[in-house]
Amino acid sequence: MTLHDGRPLAGPGRPTPARGRRLSRALEVQEAVKELIVRRGLAAGDPMPTESELMQELDIGRNSVREALKALQAVGIVDIRHGFGMFVGQMSLNGLVDELAFHSRIGPQDEQSHLAHLIEIREVLENGLAARLIDRHGGANLVDLLTPAREVLDRMDAEALVGAVSPETDRLFHELLYRPLGNPLVGRLLGAFWQVFHQLSDELGAPDETPAYVARKHRDIYTAVVAKDRDAVEAAMVAHFAGIRTRLARLRSD
């Protein structure tokens, strides 16, 4: 079998570009490597064939293989560990984080800024997740299910007494609050939002709220969820995100 330009790219099960779509040579090689991963049933973290094995199985040159692997590494599909080998990459949103942070820096500094949009999306997402948590576990004892989140709130209180609530503790609370939903992508997505805000922390400036206020606003979210009070959840979320909206407004006015 050959590529559209006549060059071979052999291998059973090789994907064929959709009719009317002409992939570049580089993209065709990348697609072939991805198809090989799927065909062999490899999962994240599994070792991949060596460069030489890929060259032989796909019938392509070393430079083409290396260029494809480098491109796939950039998007997290391949993990190249020098001295150890190549592995199927773990799911990562790092590319999304960097892109959002960058465009938030260069976007228009008004109410339509990328960061303002991101805050809105996160608030809507967390309201929806809290509602789903109440719906799915409304008949269960949410206090027991959310014991890990409550323990993080206690840590927040302790941190507030001696200084600031750490970003890591803040992030952990939100991750543990929705863990009973059993959706592993929730933590990754919320973590991506958190990383964007962390990268932009210098631009946003110091928060206006006291550490005790920050801890209390998080506890209000928890209390509303365990009470299964949707209106209280929404009010607590608005209060929770009010601080960063104030900082963003101050940034735009400077």
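The axes of helix α2 (residues 51-58) and helix α3 (residues 62-74) approach within 9 Å and cross at roughly 110°, which makes α2 roughly perpendicular to α3 (65 to 115 degrees). Axes are lines fitted to C-alpha atoms over the stretch in contact, with angles running from 0 to 180 degrees between N-to-C directions. Helices are DSSP runs of H or I with at least four residues, numbered from the N terminus. The crossing of α2 and α3 is right-handed, that is, the near helix is turned clockwise from the far one by less than a right angle. Residues E51, S52, L54 and M55 of α2 meet R62, V65, R66 and L69 of α3, contact being heavy atoms within 4.5 Å. By class, this contact has four nonpolar, one polar and three charged residues.

The model is predicted, with local features requiring pLDDT of at least 70 and side-chain atom pairs pLDDT 80 or more, while totals for chains, interfaces and linings use all residues. Residues are numbered from 1 along each chain as its sequence is written, and side-chain values use heavy atoms, without hydrogens and water.

Q30 lies in helix α1 (residues 25-39) and is buried, at a relative accessible area of 16%; buried means under 20% (1.4 Å probe, protein chains only). Apart from neighbours within four places in sequence, Q30 contacts A68, A71 and L72.

Helix α11 (residues 211-226) has 16 residues and spans 23 Å from its first C-alpha to its last, close to the 22 Å expected at 1.5 Å a residue, where the expected span is 1.5 Å times one less than the number of residues. Buried residues in α11 are A215, K217, H218, I221, Y222, A224, V225 and V226. Just after α11, K228 adopts a positive phi of about 60°.

Notes
Helix = DSSP H or I, 4+ residues; strand = E, 2+ residues; numbered from the N terminus. Parallel < 35°, antiparallel > 145°, perpendicular 65-115°, else oblique. Nonpolar A, V, L, I, M, F, W, Y, C, P; charged D, E, K, R; others polar. Buried < 20%, exposed > 50% of the residue type's maximum accessible area, 1.4 Å probe, protein only.
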